[in-house]
Amino acid sequence: MTNEELMNEIIKLKEEKGYKILGHNYLIGDILDISDETGDSLALARKAMEMDADKIMFIGVDFMAETLKILNPEKRIFVPTRASECTMANSLDRETLIKFKEKYPNASVVLYVNSTAECKMEADCVCTSANAIEIVNNIDNDTILFGPDKNLASYVAEKTGKTIIPVPGDDGFCYVHDEFKKEEVLVAKEKYPNAKLITHPESPKEVRDLSEYIGGTGKMIKIPLTDDTKDYIIGTEAGMIHQLKKNHPDRNFYPLKNSAICIGMKKNTLKNLYEALKEDKHEIILSDEIMEKAVYSIENMFKVMG
Ligand code: 13P
Ligand code: SF4
């Protein structure tokens, strides 16, 4: 089947079988274009909770699908493939986190939503890139164990002034964002002298410091609504350019790096999406223990957000 035929079949199947499709901003354009809802990890979690659907096909990476399931125990959550992993989330395991908690018994634990469901069982509160500063400011403690992203941890430390202890430490990062370099920013700014740079807070400090804007993918989409700049350099996963162009056809968006690709996100294809819908494959099932204990830290985030 051609891509167009697959897209038509997917739309037919999801309607016949009563699925809603939710897709993260980093997916390939063809999948985003046939999704019922698109957005960042926080927006998708909220949409799944509000949605009147028994079956959701979630397209993104593993931790996002797990979060959706924890928040929607009564809904059936499916994914196109089990191979869509977030290496950053998987860089922190529960045992390591427990050891850090033992070493710093007076610290509160804030975990980036890009973490495993098992680790979320050990956290006081979860945050996303959209609300990390607000969440940490809201915790009644000046010492915070924060993981797994060391770059987001340093950004939060800078903005809140609190003592942020990164867990697991140097090994916690996103390979897509951590590889952005100051030199690449300088070359891009020379090539597009009138452009403003927007970077994801998972980027290193040397890159964040040269940015006009820092924010998660949801914020990135909103920036051109309040800034009439024509050109933007985008320091995040290159797939984001599709969403930005679709939302702002009158502006120009240039990826900071074309090779900034999240392999986990790109494991989702039209073909495996079609097959999963056809055969009701890859349902997310979590243990009762995870469902009961991990929900606490995620709900705490929603309490702060209101
Ligand atoms: P957002 O929550 O900003 O969509 O980011 C998720 C992510 O995985 C970034 O790499
Ligand atoms: Fe994880 Fe990085 Fe991919 Fe985001 S871009 S899902 S943090 S590996």
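**Cavities, pockets and cores**

The largest cavity holds about 270 Å³ of space. A cavity here is a set of points, on a 1 Å grid over the protein atoms alone, where a 1.4 Å probe fits but cannot get out; grid points are joined across faces, edges and corners, and a volume is the space filled by probe spheres set on the points. This is a predicted model, in which local features need pLDDT of at least 70 and side-chain atom pairs count only at pLDDT 80 or more, while totals for chains, interfaces and linings use all residues. Residues are numbered from 1 along each chain as its sequence is written, chains are lettered from A and ligands numbered from 1 in the order in which they are written, and side-chain values use heavy atoms, with hydrogens and water left out.

The largest cavity is lined by 28 residues, and those closest to its centre are Tyr26, Phe63, Met64, Asn114 and Glu202; a lining residue has an atom within 4 Å of a point. Its lining divides into 13 nonpolar, 11 polar and four charged residues, where Ala, Val, Leu, Ile, Met, Phe, Trp, Tyr, Cys and Pro count as nonpolar, Asp, Glu, Lys and Arg as charged, and the others, Gly among them, as polar. At least two lining residues come from each of α4 (62–71), α9 (175–178) and α14 (263–266), and α9 gives the largest share, three residues. Helices (H or I, at least four residues) and strands (E, at least two) are DSSP runs, numbered from the N terminus.

The structure holds two cavities of 30 Å³ or more. The second largest cavity, with about 60 Å³ of space, is lined by Ser41, Leu42, Ala45, Phe63, Met64, Thr67, Leu68, Val113 and Met301. Two or more of these lining residues come from each of α3 and α4, with α4 supplying the largest share, four residues. By class, seven residues of this lining are nonpolar, two are polar and none is charged.

Attention now turns to the pockets. A pocket is an open set of points with protein on both sides within 12 Å along at least five of seven lines. The largest pocket contains about 200 Å³ of space. Which residues lie nearest its centre? Among the 13 lining residues, these are Thr38, Gly39, Asp40, Ala43 and Gly218. The lining takes two or more residues from each of β2 (37–39), α3 (41–50), α12 (217–226) and α13 (240–247); α12 gives the most, four residues. Three nonpolar, six polar and four charged residues make up this lining.

The domain assignment, which is automatic or taken from a database, gives domain 1 (3–86 + 265–287), domain 2 (89–174) and domain 3 (176–261). Because domain 1 and domain 3 both give residues to the lining of the largest pocket, this pocket lies between them. The C-alpha centres of domain 1 and domain 2 are 27 Å apart, and their contact (heavy atoms within 4.5 Å) takes 10 residues from domain 1 and 11 residues from domain 2.

Helix α12 also contains buried residues, namely Thr217, Gly218, Met220, Ile221, Ile223 and Pro224. Buried means under 20% relative accessible area, exposed over 50%, and partly exposed in between, with a 1.4 Å probe and protein chains only. The cover over the buried residues of α12 includes β1 (19–24), β9 (196–199), β10 (213–214), β11 (231–235), α13 and β12.

The second largest pocket has about 160 Å³ of space. Both α10 (182–191) and β12 (252–255) supply at least two residues of its lining, and α10 accounts for the largest share, four residues. This lining has six nonpolar, one polar and three charged residues.

Finally, the nonpolar packing may be considered. A nonpolar core is a set of buried Ala, Val, Leu, Ile, Met, Phe, Trp, Tyr and Cys residues joined through side-chain atoms within 4.5 Å. The largest has 93 residues, and Ile56, Met57, Phe58, Ile70, Phe146, Ile234 and Leu273 have the most contacts inside it. Helix α16 (residues 288–305) provides the largest share of this core, seven residues. Apart from this core lies another, of 11 residues, including Ala107, Val109, Ala123 and Leu145. Setting aside residues up to four places away in sequence, Phe58 touches Leu22, Leu44, Met64, Ala65, Leu68, Ile77, Phe78, Val79 and Pro80.
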